[in-house]
Amino acid sequence: MNMKKFAPAAMTALLFGSVVIPVASAKENSTETEQQLPQIQIDPVHIFNTTYGTVEKVNSGEKITYFTVKDGEQTNILEITKDTLVFDNTGKKVELKEGDKIVAYTFANKPQKLIYPPQFNPDVVIVETKEAGFVEVDYFFENLTNTYEMLKLNIGENTELLNTKGEKVSTKDLKEKNLVVFYTVSTKSIPAQTTPSKVIVLDEESGNTTENTVDAEIAEIIATDYYEVDGTKMVPLRLIAEKLGYKVESTGKGAIVSKGNLSYTITRGEKMFGYNKALRPLHTAPALLEGNKTYVPVEFVEEYLK
């Protein structure tokens with residue numbers, strides 16, 4: 001992503017995308033000729049939603065674990081998978097557990113479920129510890145300063161540079177990227193400068209384009225073709241399953257969804273469904289709607305099909 005640097009006075013505009021901020025004269029009614037100052041063009045950037053709080057409850061699913069996080073009166077749900085980056089503030093990989101104080105970072109352009117309490121699928125979760133360590137999650141320019149020009153990175157020979165898969169990258173791979181930066185000390189200059197202990201590049205430019213396209217198509221289906229039952233979003237089974245490469249066979253009362261060694265037997269009106277040779281529960285029973293489309297709770301898609 002290419003971005004232009006911008007004046008600190010216009011930083012709050014980041015929250016509103018690309019805008020133009022006119023610089024007005026201090027004397028609006030002056031009869032003297034006023035100098036027309038140039039306008040400042042702000043380019044849009046990735047902004048992270050941050051979720052703070054303490055983990056109070058953990059519900060484990062087949063592929064997703066749901067963490068209830070409380071911050072005062074605010075409650076949020078975090079969806080954590082095997083691919084979610086979870087570190088403590090020193091840069092060590094950890095597993096979330098009850099009682100952890102955390103900060104979760106989610107790209108703001110990710111679709112958010114329209115449910116209460118808010119539910120996020122974070123890109124990075126940081127667990128606070130008593131050990132010394134700071135974390136910065138932000139976009140960094142070509143000169144390795146962040147968006148507010150408050151922190152500049154000086155990469156040292158002992159700085160660990162990785163991508164999200166844990167593979168080593170080089171200093172040039174950090175430029176104009178979204179980074180997770182772990183460090184312990186910084187200078188008192190503006191911007192502050194630090195030699196980080198670890199940097200992780202969040203951008204996956206070498207990712208699977210086909211997979212990303214399918215994910216986007218499924219997100220579009222979930223966002224547009226659904227209805228709700230007691231707060232549970234119901235989504236079309238066949239449309240989504242076939243996008244994910246599953247074979248869907250109608251049984252008259254429901255469907256058998258299969259791929260490889262996986263097989264699910266869905267029965268309309270039944271909260272229990274077959275998972276290979278076992279039974280698993282759903283919060284809401286699948287139902288048949290117009291056009292002979294069977295709808296299932298979105299949890300089934302997220303926990304079992306993806």
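Two strands pair if DSSP finds at least two bridges between them. The model discussed here is predicted.

Q: What makes strands β17 and β24 a pair?
A: Strand β17 (residues 232-236) and strand β24 (residues 293-297) are joined by three bridges in the antiparallel sense.

Q: Why are β16 and β23 called edge strands?
A: Four strands form an open sheet in the order β16-β17-β24-β23, with antiparallel pairing. Strands β16 (227-229) and β23 (287-289) each pair on one side only. From one strand to the next, the twist averages 40°.

Q: Which helix lies across β17 and β24, and at what angle to β24 does it run?
A: Helix α3 (residues 298-305) lies across these two strands and runs at about 75° to β24.

Q: Why is the aromatic pair of Y264 and F300 called edge-to-face?
A: A pair of aromatic rings is described by the distance of the centres and the angle of the planes. For Y264 and F300, the values are 5.4 Å centre to centre and 85° between the planes. Centres within 6.5 Å make a pair and planes over 60 degrees apart count as edge-to-face, so both conditions hold. The pair links distant parts of the chain, with Y264 in strand β20 (residues 262-267) and F300 in helix α3, 36 residues apart. Both residues belong to one aromatic cluster, which also includes Y246, F273, Y275 and Y304.

Q: How do you know whether Y264 and F300 are buried or exposed?
A: Buried means under 20% relative accessible area. Y264 has 1%, so Y264 is buried; F300 has 0%, so F300 is buried as well.

Q: Why does N76 count as buried?
A: The relative accessibility of N76 is 8%, and the limit for a buried residue is under 20%, so N76 qualifies. N76 lies in strand β5 (residues 74-80). Leaving aside neighbours within four places in sequence, N76 is in contact with T51, F67, T68, V69, P118 and F120.

Q: What makes the 3.3 Å approach between the side chains of N76 and Q74 a polar contact?
A: The side chains of N76 and Q74 are joined at 3.3 Å.

Q: How do you know that the charged end of K233 sits over the ring of Y226?
A: The charged end of K233 is 4.4 Å from the centre of the Y226 ring. The distance limit is within 6 Å, and the charge must also be within 35 degrees of the ring normal. K259 likewise lies over the face of Y246, at 4.4 Å from the ring centre.

Notes
Residues numbered from 1 in each chain as written. Predicted model: local features only at pLDDT ≥ 70, side-chain atom pairs only at ≥ 80, totals over all residues. Heavy atoms only, no water. Axes fitted to C-alpha atoms, helices over the stretch in contact; angles between N-to-C directions. Contact = heavy atoms within 4.5 Å. Buried < 20%, exposed > 50% of the residue type's maximum accessible area, 1.4 Å probe, protein only. Polar contact = N/O pair within 3.5 Å; in protein donor to acceptor, adjacent residues only side chain to side chain. Phe/Tyr/Trp six-rings, centres within 6.5 Å; stacked < 30°, edge-to-face > 60°.
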